[in-house]
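Please look over the structure shown below, with attention to its strand pairing, its nonpolar cores and one of its helices. The report that follows takes these topics in turn.

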Amino acid sequence: MVMTKTTYNYISAYLTKVQSEGRYTISLEELRNNFNVSEKALLQNIYRLKNKKLLAQVRKEFYVIIPPQYINRGMIPPTLFIDDMMKHLDKEYYVGLFSAAALHGAGHQQPMEFQVITKKPALRKIKNQKLTISFFTKKDWDSNQITEKKSEAGYFNVSTPEMTAFDLVYYNKNMGGLNRTIPILEDLTEEIKPSLLNKSAKSQKLSTIQRLGYLFDALGNNSLSNSLFKIIEEKKVKEIPLSLAHENRKGDIDKRWKIIINTKLDF
């Protein structure tokens, strides 16, 4: 098959078929396997589809199909393609941090940046005028702390409210500091169950438990702070600074959590 207008129509029709099956993604490999055309012809057709805003490239050789309602935006929500993309990259993942909190109903607006946790090696950030996806790495995680959310395109992985709370504290230095995290964490407390928080804590670092427990106390949520305190009350706990985003390591000490209050928080 040579590159003609008919070829373009065949590929366009194929994308419509894929979308009708509830999928919004396509890989270059899939197109190669379905169309007996030269690589040059295939790439030229893809270029035409991109110019018409019917297709958008997210990663090398990975594209999203743009339905009519998203043509003006030129991109679809990441929840519609994140699972397919991570499978394409052969990477374990879950949607985390502010993005997970928003999916659990915490926060008053959708974050502009979509945040994903993966295992090493780290993935390069995706950033352009239409899309920003940031990747954070973690050595391992408890699969019981990952849940599934459903979109029009199927299911994708999201951290539970409990795991999300721990991650918000653990990665806070990369997220703009604790003061940016506190309002989201406060909203998220409505979705966190003390018993599940206790279970989640068993796979967390003591320092993260200390910081989160202190924040729950400061937010006046005794049921959640007490759930965490049960984990550390019989352990040898070192004094640690509340914020790692500040070089200062001095301040008053919270005796319960062994936290050096080295920054002023906005509650």
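In this predicted model, three strands form an open sheet with mixed pairing, in the order E10-E12-E11. Strands E10 and E11 stand at the edges and have a single partner strand each, so one side of each is left without a neighbour in the sheet. The pairing between E10 and E12 is parallel and runs over two bridges, and Pro-241 has Ile-260 in E12 as its bridge partner. The residue ranges of the strands are as follows.

| Strand | Residues |
|---|---|
| E10 | 240-241 |
| E11 | 252-254 |
| E12 | 259-261 |

The largest nonpolar core holds 39 residues, of which Leu-197, Leu-212, Leu-215, Phe-216 and Leu-228 touch the most other members. Among the elements that give two or more residues to this core are helix H8 (194-201), helix H9 (206-218) and helix H10 (222-232). A second, separate core comprises 26 residues, including Val-58, Met-75, Val-95 and Phe-114.

When neighbours within four places in sequence are left aside, the contacts of Leu-197 include Phe-166, Ile-192, Leu-212, Phe-216, Leu-224 and Leu-228, and also Glu-162 and Ser-227.

Helix H9 has 13 residues and reaches 18 Å from its first C-alpha to its last, which is close to the 18 Å expected at 1.5 Å a residue. Its buried residues are Thr-208, Ile-209, Gln-210, Arg-211, Leu-212, Gly-213, Tyr-214, Leu-215 and Phe-216. Just after H9, Gly-220 adopts a positive phi of about 80°.

Methods. Residues numbered from 1 in each chain as written. Predicted model: local features only at pLDDT ≥ 70, side-chain atom pairs only at ≥ 80, totals over all residues. Heavy atoms only, no water. Core = buried A, V, L, I, M, F, W, Y, C linked by side-chain atoms within 4.5 Å. Buried < 20%, exposed > 50% of the residue type's maximum accessible area, 1.4 Å probe, protein only. Helix = DSSP H or I, 4+ residues; strand = E, 2+ residues; numbered from the N terminus. Contact = heavy atoms within 4.5 Å. Expected span 1.5 Å × (residues − 1). Pairing = 2+ DSSP bridges.
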